[in-house]
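Welcome! Take a moment to look at the structure below, and then we will walk through one part of it together.

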Amino acid sequence: MPPDIPAAKRAGLPVDLDRLAAEGDAWMTGEERYALKMHGVCPQGQAGVFMVRIRTSGIVDSDAARALADLADDVSGGWVHLTTRQQAELHHVPARLVPPSLERIRRMGLSNQSTCGHTMRGVLSCPEAGVGLEEPFDCYPDARATADSIIARTPLLDTQMPQRINVAFGGCPACREHALINDLSFVSVIGPDQGSGPELGYEVWIGGSLGKTNPTLSVKAIDFLPRRQVLAAANALFDVFIEHSDFDDPRKGRLKFLIRKLGAEAVVELFLAALARRLTEKWPEPHPVSTPLSSSLASIFSRAPEGGWGSGVRPQRTPGWAMVTVNVPLGDIDSADLRELARVADSYADEELHITRNQNILFRHVRIEEVPVVREIVERLGMGLEGTDQARDVRSCTGGPVCSLALTPSQRLGFDLLDHPALARNSGLRVHISGCPNACAQHQTADLGFSGGKVTIGGSSVIGYQVWLGGDLRTGTFGSAVGRVSHRDVPAIVSAIAGIWEALRERGETLSDTVARLGIEAYQAQIEAVFRGRWEPGPEPMLPGPDLPVIDLRVPAVVGA
């Protein structure tokens, strides 16, 4: 039987970690297994082993990276998985080794607290904040302060929260797009000049979510929130969520369902009222951060690394320095490679490894003269700098058999697609694969997405994938579930869909652009012609399809305090 999660919360989420270390997990109830999630520990699909998720705030220093590699060798087969929420995971950890692993992670300066379950998940922060040309200012200190403030409340919050809350910070174009699918997002903006310089702050967006059903775009709640009010705003949103969302039915507990129930304007009003109350409290002053871009673009671009700039080697706002992104296929890195990248961080960067939303690792403060050395080291490891590989960086969740919710081995499919000819020809194609409908790989936001599960084809139920087309957060568009295929036919479907795009796209069009111009029906007709009998058009029953559009709940911005 599934655990009674509300009952587990009302009981205070007790779990005996000492007994787990002494006896393993055979004695545990479903409610106790859920309580383990508050320690960052999730049951896997196999008996006796667990996934351990680690909160990094997007940054792992080189010493912690080496310690994490050592731990991976000892407890999880020598590999680490990087997630789309900038966290790290260890898989296949034996039950008895879970408690000592948690203690070792704490000694690294990292945390497992409340990284799974109905809590505040990892707080995203733009890895380019403070050094990139497109980031207004460094949002990382505010992201870290927000995480610390909410985590301090989690011993009580975790027993009260109806569902999880995802939080994100950042103001570059990619971060602005990502703000549309988080429960709470702070989008960095430059405010008016206050005499001593422009004020730094954020737009505040609430209520975005993907999930199994009802993907929802966030609501812009505040036009400009000064940095000094960020902690009050974050805590206020949690207050509203706990007081008004559905505690007894976790399936309807996300903030997006509260917005659908009460209306966007009503929830924004509740949020602003809670913020006004929170602003009467005393909050720590924000940490000083870098100011907006001061060097001229001409001076920045007067120098270039060998091979020039690209998606994997990007200029910093200080002339002569670069950000270098290592493509980590599917987010999986073995311990030896992680140690070597920690050495690169020490020798050629700022002693830190920044985890990106694309499950890659970014180095900052690399001298442009040393970019060729970093490239050579990375290639020797069998990886490459993002954008230098022929195939696109496919995004995938862990899938089965690791995840207990996944029905398909999404990572195996992702690995198979890395060398797919259509992706080799089209490096800009965004392909996301989730092993179940829960959207951990954010398949609804991709040009071409896949969500695993049981699908009906020709009247028979088989293991396969829903196929999603046309997701593009630039335009606030989620993909549509256009059909389903057996897992064996996914590579062929990728070829067919890419082929239509290549034949009909106009100059500069992404796949999603072409889908929007031609319409879903054209793609469905072509796939049906090629895969008659092996393809079923439309979504699996009970999933939203092209005729059931996603609701955009955005309302005119409300100017906050």
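In this predicted model, let us begin with strand E7: Ile165, Val167 and Phe169 point one way from E7, Asn166 and Ala168 point the other way, and all are buried. With five of the five residues of E7 (residues 165-169) buried, the strand is largely enclosed by the rest of the structure.

Which strands pair with E7? Strand E6 (residues 120-125) pairs with E7 in the parallel sense, over four bridges, and Met120 stands opposite Ile165 in E7. Strand E8 (residues 184-193) also runs parallel to E7, joined to it by three bridges; here Val167 stands opposite Leu184 in E8.

Now for the rings. The count of aromatic pairs comes to five. Two of them are set out here:

| Pair | Centre to centre | Angle between planes | Arrangement |
|---|---|---|---|
| Phe169 and Phe186 | 4.6 Å | 15° | stacked |
| Phe186 and Tyr202 | 5.8 Å | 75° | edge-to-face |

Phe186 lies in strand E8 and Tyr202 in strand E9 (residues 198-206), so their pair ties together parts that are 16 residues apart in sequence. Both Phe186 and Tyr202 are buried, and Phe169 is buried as well. Phe137, Phe169, Phe186 and Tyr202 form one aromatic cluster.

Finally, a look at charges over rings. Lys9 lies over the face of Phe247, 5.2 Å from the ring centre, while Arg505 lies over the face of Trp501, at 4.4 Å from the ring centre.

Definitions and conventions
Residues are numbered from 1 along each chain as its sequence is written. This is a predicted model: local features need pLDDT of at least 70, side-chain atom pairs count only at pLDDT 80 or more; totals for chains, interfaces and linings use all residues. Side-chain values use heavy atoms; hydrogens and water are left out. Buried means under 20% relative accessible area, exposed over 50%, partly exposed in between (1.4 Å probe, protein chains only). Helices (H or I, at least four residues) and strands (E, at least two) are DSSP runs, numbered from the N terminus. Two strands pair if DSSP finds at least two bridges between them. Rings of Phe, Tyr and Trp (its six-membered ring) pair if their centres lie within 6.5 Å; planes under 30 degrees apart count as stacked, over 60 as edge-to-face and the rest as tilted. A charge sits over a ring if NZ of Lys or CZ of Arg is within 6 Å of the ring centre and within 35 degrees of the ring normal.
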